[in-house]
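Visitor: I would like to learn how to read a structure like this one, step by step. Could you guide me through it?

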Amino acid sequence: MKKNDDPMPAEWAHHLTFALNGRKVVVDGNTLPRFNDLRLIDYIRDHAGLTGTKLACGEGGCGACTVVLCHRVTPSSPLVHRSVNACLIPLASIDGMAVLTVEGVGSTKHRLHPIQSKMVDNYSMQCGYCTPGWVMNMYELLHTSDSSSLTKDTIENHFDGNLCRCTGYRPILKAMHSFGIDGPAPQLEYESSYDDVPFVDADEPEFEFVDRVRCDKSEATRLLKQCATSCDACPHQHHHHDAVEVEDLCIPPLYDRAVHDPEVPSFIASYVPIPLCFHQPQASEAVVWWYKVLTLEQLSAVRAKHKDESVMVVGGLTSRGVSKYFNQTAPYNRPVLSSVLVDITSIPALTAIVPVSDTNCLSVGAAVSLTALLAALRQTASDNPYLETLAHHISKVANHQVRNAATWAGNLSLARAFPSFPSDLVTGLWGYGASVTVLVASDSRAMSIDAFLAIPVTQNPLLVSLELPLYPMSPLRTFKCHKVAQRKENSHAHVNAAMMIVRNAQQVCTQARIVLNGIGTQVIRCHLTEKALINQLVTDPLTLDASLGALHADMPSQQQPLDPFKWALVQSCWYKTMLEVVPTLSSSRLRSGKFELPRHLSSGRQVIPSVLPDADSTAPVGLGIPKLSSKLLATGEAKYVADVPPIPGMLYGALVFSTQALANLVQLDTLRARQVAGVVDVVTAADIPGTNAIGDGLEPLFVPLQGQVLYVGMALGLVLATSASVAQHAAGLVVAEYTPLQDDPFWTTDAPITTVAMARAAGTLVPSTPDQPNPIPMPGNDDHIDEKIATAPRQLQGTVSFGSQRHFYMEPQASTVYPDEDRCYRVETSTQNPTGVQEAVAGVLGVSLHAVDVKMKRAGGGFGGKLTRCNVNATAAAIAAHKHAVAVQVVNDRNTDFRNVAGRNALVGEYHVGFDDDGRLLALDLQFHFAMGAYSGGDNNGECLMAILWSDGAYHVSSFRSRGFMYLSNTPTCTSVRAPGVPSSVMLMEMVVEHIAHTLQLPLEWVQTRNFVRDHHKTPYGQELKNVTLDRIWQGLHASADVARRKEAAVYFNSQNKWKKRGLAVTPVKYGIAISGLKYGASVSIFHGDGTVLVTHGGCEIGQGIDTKAAQMAAFMLGIPLAKIKLQPTSTGLIPNSDATGGSSTSESIARSVQAACQTLITRLSSVRTKLPKDATWGQVVAAAHADGVQLFASEQPNVVPPPLQVFDYFVYAAACSEVEVDILTGEVNVLRTDIISRARL
């Protein structure tokens, strides 16, 4: 063997070379701590300090961490650009690549990229945490596409890996669609309605925002508005549509790749791969060796060298985001990697896709990504519809960013290691008839997919290539793939299937291959079903009956009965395939059963009419403008808690949580955790100097030894380490010892209580107190409701289970605590309740409130999840900071967040209603049964109360009773979720009305309108209703949404299609808003040097734009441009005692407080203005006031006491019409169109 052919280089390189936003970076992989375990996001954020790339889910599911990689697959191939999840990509794998983050695309210091500009101009963000990921994924699409042919449909399909929790996708997609062209209109493959309603009118843009009418400066308008100045001197002129100078808005230039995209560094363009070896022998329970090999010979040599160790061949290592749910590490769900990892993505033989004429197949190397495989299949599919079917199925695997990194071989290997993993790819390839070439030891073997899956783990096989037969096109060959999942995108299948059926000219089945996954513990091939079909006439009903019976026999035998839901899906997949196989089955009515629900291109309009003749006089209040921070959000420059640069010595904490429920904690074994390099301490309940409580109910911060552990996920302690990743790893190594909870007077069951039904059976009612009765009554309840229902002409009863709902704020719970002098502490936290955090931290530390200053700049979403559960992180960080006298940051990983933070109270609603033959509601009794989690506090109690207060919906019932029964359960403590309690209680009321309409055989809308609230009606709690606009809104919605005609169209559609159905629902809303009695302060400071203004307030910016609204109010009151106003972070040290931020009431209250503070300043300035010329500028007035000693700052907290019987200050009335299409065979649903009309309070 020649020296240069030696498979093992004499000296492996150990320096990683790459570019980061155009800058060359060289890292010594042997000396950087935990290098082999680092993800790309760890380096980007923690080492390079580029925090625009966000860590949200940590498993490639949300897209917030999206970056773009540029490199060559082989030295001779062209440069490729691919968007990937930085939370999955190993740092060690990016040698020779250019990494581009959102900071490298555009910035406020230089210029915004057109993508960023479009997102700003189209209001495409609220909390902004997800925004950088959207920008980067769109950047990849623009950079790799021909802009002249890029369709909006292609753009929309590109974002299956990006989530937004708060903004809604309409404004985001509006921004992205602006870079595309209209594609051909999709053709429905089954019978549609006779006159489909377009989503928008033909002459309107697909997305439109119609704002208030602007001032036209005409004399008629000036007279109407009673203008006292000239138009040039108008104090509101700077707020007109043509002068929003604060955002420096302009139409962004058309996208030009050469102008707007950064160049690829020359050293990357010419980079030649080299073999790498990174060795960290000191690593404990981590990756010790990382190799990058360039040839199959080098790969074989590495495997031989480490034959006695665990060797894992990797491509994108995306399996780390999935394997943790199958590798027996629950409930911590941590990925477990081999001690030796080998990167094979630079081996040319494994990255090739070549047609093989001898065997008429397509050969695909093991290092080929799913995206590259998809492209090859689609390129070949023009002559092969079976490959197109397979490609469509593979496009449902994970999401775009994951497919860009994941290899087909990695997916198959994951399925082999964890048979219960419901791999869509395994099912599709096996059903298609693909085979693989596998290296077992030194023996190369060709085998089927199922044979590969059956190789014992001890043999450590190596996938080399995938062979896909190129079947000749024939009407007698049918190949169908199916996937039914919770979502169409980025979701594991409930059931997936692939079926290949071949017939002869006489319709006799000659070949059959039926593969199912998601049933039982592994993928199965239905041999009995195939046997029932082969050599049988498929058009014979007896054959079909026999095959269906055989299909049931093919189901895995288990001690538990077959899941009826999954069995129904299996039958549906079989039936959908047979509709294709047997033409005589597929009549025009049955035809729809063959097809998936089509997803139409998104579109939308938002119209805000001008209803006041002087609407422009309130500018900028009431105007739609981009958020003040929108450019910072779009460029990744906006800082969240975990983005603030760490101070020297900062430590990082990770919660240790319970793995059992309904037990006593006996012992915590922290030895293994403390032995991990970088671990400093494990903080427990014994370290708490104050009260062991998080400040909401009786839940402790850390369960003490011998204390009760009531749910899985309850905090037991905090691992403290030099990095977050080390702390999270070590937290999973702490072992807790438990004993069963016995002889407890409250918790009397042996099994944990996890549902409402179990709680009711066990009688775990929250103890009633004078301050918090249980059940919670609606004020004004009718105590004689039972008699009135009994005497009504008709009665009905019903029960509805609503379950729960998670928040999924994009930014996990995050807090940093900085110890200051004199036993004071500064807390920076992602919260909706700074006062609550202040009280909780002071409580656990045993200090006074004035020693704790809680600051909050912005949160990456909240939705109620950061009202009280943020206290866990904040108090844990405070205890550790107190103990070690250093700053401590605690940011949950997503799994810990889900374990420790529950969502909406689980709810079962019951109703008993009396009504007459005309559908009038005479008497109604509602009962709500809530599972609150393990502890009851002000937060989840408040959700129950809201459910009760809003439970009358939009209807007037003369006799009404509503009660909420609160139960404890062995699940994480619940907390508020958007409109706490209201969606469920309003839905229950709608179901009552629908039940009545169905019973009387009356039109639902007839029963709805007959019972609407109207002027001078009184609510059950005694509040008289005024200015009720529901009837007008209802009629307007029916006219604008063309409800009557579309209902007729749906009836026609349903008559023509047996397996697809459409329906319309029209729903009224009466939503009460209460601001009286709320306590939110605001401070406005004017700087005399230049007249600029600084505003601070007690609300929290969680994405709703509260800071922008406060600035708009200040600009309006003071008559100055928005550019002169900035907002300071919320601080309990500046604005104390504020209520929690939730709902629209906080924004309105803050605006009221800013208004009051500005009015105080205006009053002070009025005497100064009289001394100055009428044309004095704002700066001159302020300077003169300062010279006269006028106080130029003011703080106000208006206190409005509501009158008796007023629960709400006003009501918002609205109505919505939604049309959906349902696949009857699978239960999948598409929302075709939604129309909403809402009355704003003016």
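Guide: Let us begin with contacts: leaving aside residues up to four places away in sequence, C65 touches I41, T53, K54, V84, N85, A86 and C87. Please keep in mind that this is a predicted model.

Visitor: Where is C65 found, and is C65 buried or exposed?

Guide: C65 lies in the loop between helix 1 and strand 3, and because its relative accessibility is 4%, under the 20% cut-off, C65 counts as buried.

Visitor: Which residues does C62 touch?

Guide: Not counting residues up to four places away in sequence, C62 touches A56, C57, G161, N162, L163 and M810. C62 is found in the loop between helix 1 (40-47) and strand 3 (66-72), and C62 counts as buried because its relative accessibility is 3%.

Visitor: Which residues does the UniProt annotation "binding site" cover?

Guide: According to the UniProt record, an unreviewed entry, the annotation "binding site" covers C57, C62, C65 and C87. These residues span 31 residues in sequence, yet no two of their C-alpha atoms are more than 10.3 Å apart, so they gather at one spot.

Visitor: What pLDDT does the protein average, and where does the pLDDT stay under 50?

Guide: The protein averages a pLDDT of 92, and 93% of the residues score at least 70. Over residues 1-5, however, the pLDDT is below 50, and this stretch has two contacts in the model beyond near neighbours in sequence. The pLDDT also stays under 50 over residues 193-205, for which the model has 25 contacts beyond four places in sequence.

Technical notes:
Residues are numbered from 1 along each chain as its sequence is written. This is a predicted model: local features need pLDDT of at least 70, side-chain atom pairs count only at pLDDT 80 or more; totals for chains, interfaces and linings use all residues. Side-chain values use heavy atoms; hydrogens and water are left out. pLDDT is the predictor's confidence in each residue, from 0 to 100. Contact means heavy atoms within 4.5 Å. UniProt positions are given in the numbering used here, feature names are shortened, and annotations may be inferred rather than shown by experiment. Helices (H or I, at least four residues) and strands (E, at least two) are DSSP runs, numbered from the N terminus. Buried means under 20% relative accessible area, exposed over 50%, partly exposed in between (1.4 Å probe, protein chains only).
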